[in-house]
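Have the structure open as you read.

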Amino acid sequence: MIRTRICDLLNIEYPVFQGGMAWVATGELAAAVSEAGGLGIIGAGQAPASWVEAEIAKVKKLTSKPFGVNVMLMSPFVEEIIRVIVRERVPVITTGAGNPGKYVPVLKEVGTKVIPVVASVALAKRLEKAGADALVAEGMESGGHVGEVCTLPLVPQVVDAVHIPVIAAGGIADGRGLLAALALGAEGVQMGTRFMCAEECTVSGRVKEKILKARDRDTVVTGQSLGHPVRCLDNRFTREFARLEADGRAKEELEKFGTGKLRLAMVEGDVDNGSVMAGQVAGAVRKIEPAAEIIRSLLAEAEEAYAKLTAHFHK
Ligand code: TUI
């Protein structure tokens with residue numbers, strides 16, 4: 001049994017978050033993870049507020065346990081989505097791809113716990129001061145929009161810089177990863193890629209197959225020249241994007257080329273021409289299984305790894 005401050009803060013059984021992945025983390029997945037004792041999170045991505053509202057309704061119908069919504073701060077619908085979160089009294093908000101500082105007061109007023117995802121110590125410190133309840137420290141092993149620091153160096157530096165609980169993300173897909181995160185001082189983990197292969201995840205089956213087939217070196221980072229680097233599985237889309245980038249094409253042209261490609265992969269299942277955002281752990285994901293089984297095996301593996309680890313220490 002693993003319990004940390006985050007379990008008490010959010011009233012959840014296990015310190016395990018499911019990443020709020022755009023076009024992937026729908027109400028069905030979030031509800032399954034929350035019902036299994038973790039924290040399920042709806043991924044708002046670039047979707048309009050009406051979509052987020054419908055997914056919140058789905059979760060509330062499927063579970064009475066706490067859940068979250070991830071707000072991608074580069075979305076044009078941020079303000080409206082925050083209003084929906086406040087109105088619906090969503091228990092937890094996580095944010096990505098920006099600084100959510102200005103939204104903290106209105107969210108805290110209704111009791112929503114604010115847990116920004118950060119990729120640097122500087123933003124972690126700023127957001128603790130702004131009133132964040134906890135943080136997710138995400139290393140660049142993760143899928144999607146990435147920072148510049150890897151999880152192993154990032155997590156302990158964030159842990160040392162703040163007093164609020166820190167959840168580790170990026171490169172974690174099993175119980176050994178959970179144990180390692182706790183060893184770094186984190187009080188929980190967030191996993192995206194592993195939960196993308198949950199049975200309840202509504203992403204295209206072709207995406208799940210591509211993750212199961214992936215090996216350790218199969219992800220690439222593109223979009224560096226646009227100022228928002230993104231990690232995806234290597235495919236025709238990433239190679240063409242990299243070629244246009246190397247060719248020095250204008251920002252507008254690259255952005256236009258990228259538009260709609262995440263939906264194309266995740267919803268339409270075009271894993272060749274779409275953007276299959278996934279983390280470096282794609283190579284370690286071996287099967288499609290229920291969210292509850294992912295959480296159960298994660299905790300069992302962590303305990304097994306802990307027993308093996310203690311055997312290395314001698315008095
Ligand atoms: O947000 C994520 N991962 C994401 S968002 C996303 S949707 C998307 N679609 C198309 C293009 C780009 C994104 C897919 N994956 N993770 C959390 C995260 N946030 N990682 C890094 C950051 C971050 C980076 C810079 C947060 C803040 C920041 O700077 C803000 C500041 O003001 O300092």
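Start with the packing of this predicted model. The largest nonpolar core has 53 residues, and those touching the most other members are Leu135, Val158, Val189, Phe195, Met196, Val207 and Ile211.

Val207 is a handy one to click on. Setting aside neighbours within four places in sequence, valine 207 is in contact with Met196, Ala265, Met266, Val271 and Val276. There's also a second, separate core of 24 residues, which includes Ala31, Val52, Leu73 and Ile93.

Now for the ligand. Which of the 14 residues around the ligand come nearest? Those are Ala97, Gly98, Val117, Glu138 and His145. Sorted by class, the shell around the ligand has eight nonpolar residues, five polar ones and one charged one.

| Residue | Protein atom | Ligand atom | Distance |
|---|---|---|---|
| Alanine 97 | backbone N or O | nitrogen | 3.0 Å |
| Glutamate 138 | side-chain N or O | nitrogen | 3.0 Å |
| Histidine 145 | backbone N or O | nitrogen | 2.9 Å |

So how much of the ligand's accessible area does the protein cover? On its own the ligand has 720 Å² of accessible area, and the protein covers 73% of that.

Definitions and conventions:
Residues numbered from 1 in each chain as written. Predicted model: local features only at pLDDT ≥ 70, side-chain atom pairs only at ≥ 80, totals over all residues. Heavy atoms only, no water. Near = heavy atom within 4 Å. Polar contact = N/O pair within 3.5 Å; in protein donor to acceptor, adjacent residues only side chain to side chain. Areas by Shrake-Rupley, 256 points an atom, 1.4 Å probe, with all protein chains shown as cover. Nonpolar A, V, L, I, M, F, W, Y, C, P; charged D, E, K, R; others polar. Core = buried A, V, L, I, M, F, W, Y, C linked by side-chain atoms within 4.5 Å. Buried < 20%, exposed > 50% of the residue type's maximum accessible area, 1.4 Å probe, protein only. Contact = heavy atoms within 4.5 Å.
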